[in-house]
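The following dialogue shows how a predicted model may be read, feature by feature. Please examine the sequence and the structure before continuing.

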Amino acid sequence: MGDVDVVIAGGGPAGCAVAAALAELGWSVLLLDAGVDRHKQLAGELLHPAGVRDLRALGFGGVVDAWTSQPVRGFAVRFHAPTHTLILPYGHGVTGLSLEHANLTVPLQESVSRRPGVTLHGRARVTAVEHNDEHGVRLRFSLEGAEHTVKARLLVAADGRASPVRRMLGIAEHHLRISTMLGVTVDSACLPHPDHGHQFVGGPLHALAYAIQPGVARVMVDLPLGSTAGTLKARPELLLALPPGLRSEVQQALEQQPAPRMASNDDRLAETVWAGSAVLVGDAAACCHPLTASGMASCFHDARALQEALHRHAGHIPRALERYAHERRPAQRTRVALASALYSAFAGQDEGMRALRLGLLHYWEHSPRGARASMALLSSEEPRMRVMAREYLRVVGHALTAMLSTRGQGSRLRSAGPLLRSAGPPLRDAVASAVEQLGSWLHRRVRRPVYTLARAGWASPRRAFASNR
Ligand SMILES: Cc1cc2nc3c(=O)[nH]c(=O)nc-3n(C[C@H](O)[C@H](O)[C@H](O)COP(=O)(O)OP(=O)(O)OC[C@H]3O[C@@H](n4cnc5c(N)ncnc54)[C@H](O)[C@@H]3O)c2cc1C
């Protein structure tokens with residue numbers, strides 16, 4: 001196997017986007033995909049407008065136009081108690097889209113395989129990273145029963161959240177299993193708000209739903225770890241957050257679809273996204289609970305950030321990877337923290353989270369600006385952690401106002417403590433993010449002269465690349 005500029009492990013949304021991005025820079029790309037069957041997966045189907053924009057910018061406009069997708073104009077959030085639905089719009093004239101996962105991903109792979117400079121092996125698995133330093137990588141992969149070795153200037157790990165390649169590179173991660181997702185298809189006519197992603201919050205279980213093709217909607221129910229479809233069949237009251245029509249459709253689907261699709265919902269955050277000449281993108285770098293539907297938009301954003309960094313620092317891969325890491329990190333931290341905070345708010349059963357839901361309802365009902373700001377965070381248009389912390393505090397303020405006007409003294413006292421304590425993690429994250437950005441800015445300012453000396457042969461480049469955050 002001859003040498004190439006870049007090997008990409010994984011041909012999912014992230015791998016295809018990176019292949020397109022680097023082929024556009026004139027790089028020779030070897031795209032290796034293990035060939036997971038996407039028709040059986042429960043995974044990304046709703047794409048926010050930012051993701052659509054990035055796909056078009058990466059030259060996939062023809063693919064996007066050829067999809068039989070359903071328009072998405074924002075989220076419809078249905079609160080269980082009190083029962084009330086609020087619309088969070090993307091904004092005037094802006095739409096996302098949704099379609100079945102395989103129909104979304106397979107054409108991306110087909111399209112990128114036709115680009116000049118891209119070679120795709122659709123049933124190849126990276127099995128070992130033999131060497132990796134700032135000068136390049138050497139790795140092994142299996143293809144049609146034979147082992148091959150290839151050298152490249154860059155290795156991109158786009159092999160999903162379990163990322164075997166991340167482990168081969170010795171990169172640690174923070175991992176938390178949250179819950180199990182069960183997905184069935186139902187008649188889309190029973191969705192209360194066509195053209196919207198639905199969030200059913202505050203009931204015994206949280207659920208999501210959106211149309212994926214004409215007449216067909218996906219419903220995803222968030223189950224506690226260890227549950228199965230049998231759990232839902234045995235306890236139909238767990239679906240109380242769904243409106244009656246949709247609830248009976250789901251119950252019918254559970255009877256008729258004997259093996260509904262399942263997936264685990266995880267928080268995963270790699271401790272670093274690059275090492276030597278290898279870099280992580282998409283879910284391999286970070287993933288979170290799918291309730292914000294931000295995973296694929298984040299993959300496409302990663303691809304564009306990597307393209308921009310490699311374009312800017314052509315010929316100096318470690319510096320480009322450092323830039324990529326720096327550019328993407330604030331948005332990733334906000335995305336993961338937001339998903340975690342929203343999941344607690346939407347699904348939490350304690351007094352504090354009940355009060356917070358009341359705050360969300362009150363905030364979105366009384367502040368169209370607040371509804372827009374929340375949707376901007378949800379859809380990854382707004383990446384700043386401090387904006388997330390500010391919005392959280394506003395919701396807490398609205399929760400306190402709503403509590404004062406509706407509840408008895410004892411109940412207020414019981415809820416106020418946990419409600420105020422819940423603001424701790426977002427505020428801590430905001431401060432940590434600000435400190436980190438300042439540290440990273442100082443680090444780059446102080447280190448710049450070292451790069452210059454290293455280029456002139458006066459200092460060891462190894463030392464200059466000691467930090468990769
Ligand atoms: C239940 C659920 C619902 C979701 N809903 C949404 C949604 O509505 N909107 C959204 O934006 N996101 C959603 N997501 C997230 C979205 O699916 C992911 O963010 C996205 O698929 C990540 O793409 P990826 O390319 O990083 O990884 P993957 O899609 O996991 O692709 C990884 C690829 O790597 C390959 N691979 C693995 N190991 C190797 C190896 N050793 N060598 C070579 N190839 C290898 C696999 O074959 C696979 O093709 C959801 C996720 C879940 C679990």
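Q: At what angle do the axes of helix H9 (residues 351–366) and H11 cross?

A: The axes of helix H9 (residues 351–366) and H11 cross at roughly 100 degrees and come within 7 Å. Axes are lines fitted to C-alpha atoms, for helices over the stretch in contact, and angles run from 0 to 180 degrees between N-to-C directions. Helices (H or I, at least four residues) and strands (E, at least two) are DSSP runs, numbered from the N terminus. H9 and H11 are therefore roughly perpendicular to each other; angles under 35 degrees count as roughly parallel, over 145 as roughly antiparallel, 65 to 115 as roughly perpendicular and the rest as oblique. Among the residues in contact are Met353 and Tyr363 of H9 and Tyr392 and Met403 of H11, where contact means heavy atoms within 4.5 Å.

Q: What conventions apply to these values?

A: This is a predicted model, in which local features need pLDDT of at least 70 and side-chain atom pairs count only at pLDDT 80 or more, while totals for chains, interfaces and linings use all residues. Residues are numbered from 1 along each chain as its sequence is written, and side-chain values use heavy atoms, with hydrogens and water left out.

Q: How many degrees separate the directions of helix H8 (residues 317–347) and helix H11 (residues 385–406)?

A: Helix H8 and helix H11 pack at an angle of about 20 degrees, and their axes are 9 Å apart. That makes H8 roughly parallel to H11. On H8 the contact is made by Arg333, Thr334, Ala337, Leu338 and Ala341, and on H11 by Met385, Met388 and Tyr392.

Q: Which residues of H6 are buried?

A: An α-helix has 3.6 residues a turn, so residues three or four places apart point the same way. In H6 the buried residues are Leu246, Val250, Ala253 and Leu254. They cover an arc of only 100 degrees around the axis, which puts them on the same side of H6; the arc is that of the directions from the helix axis to the C-beta atoms. Pro244, Glu255 and Gln256, on the other side of H6, are exposed. Buried means under 20% relative accessible area, exposed over 50%, partly exposed in between (1.4 Å probe, protein chains only). The partners of the buried residues of H6 include strand S12 (173–187) and helix H5 (229–234).

Q: How many residues of H1 are buried?

A: Of the 12 residues of H1, 11 are buried, so H1 is largely enclosed by the rest of the structure. H1 is followed by Gly26, which has a positive phi near 90 degrees.

Q: What is the strand order of the open sheet of three strands?

A: Strands of a sheet pair through backbone hydrogen bonds, either parallel or antiparallel. Here the order is S3-S7-S4, with antiparallel pairing. Strand S3 (46–47) and strand S4 (70–72) stand at the edges with a single partner strand each, so one side of each lacks a neighbour in the sheet. Two strands pair if DSSP finds at least two bridges between them; S3 and strand S7 (residues 96–98) have two bridges.
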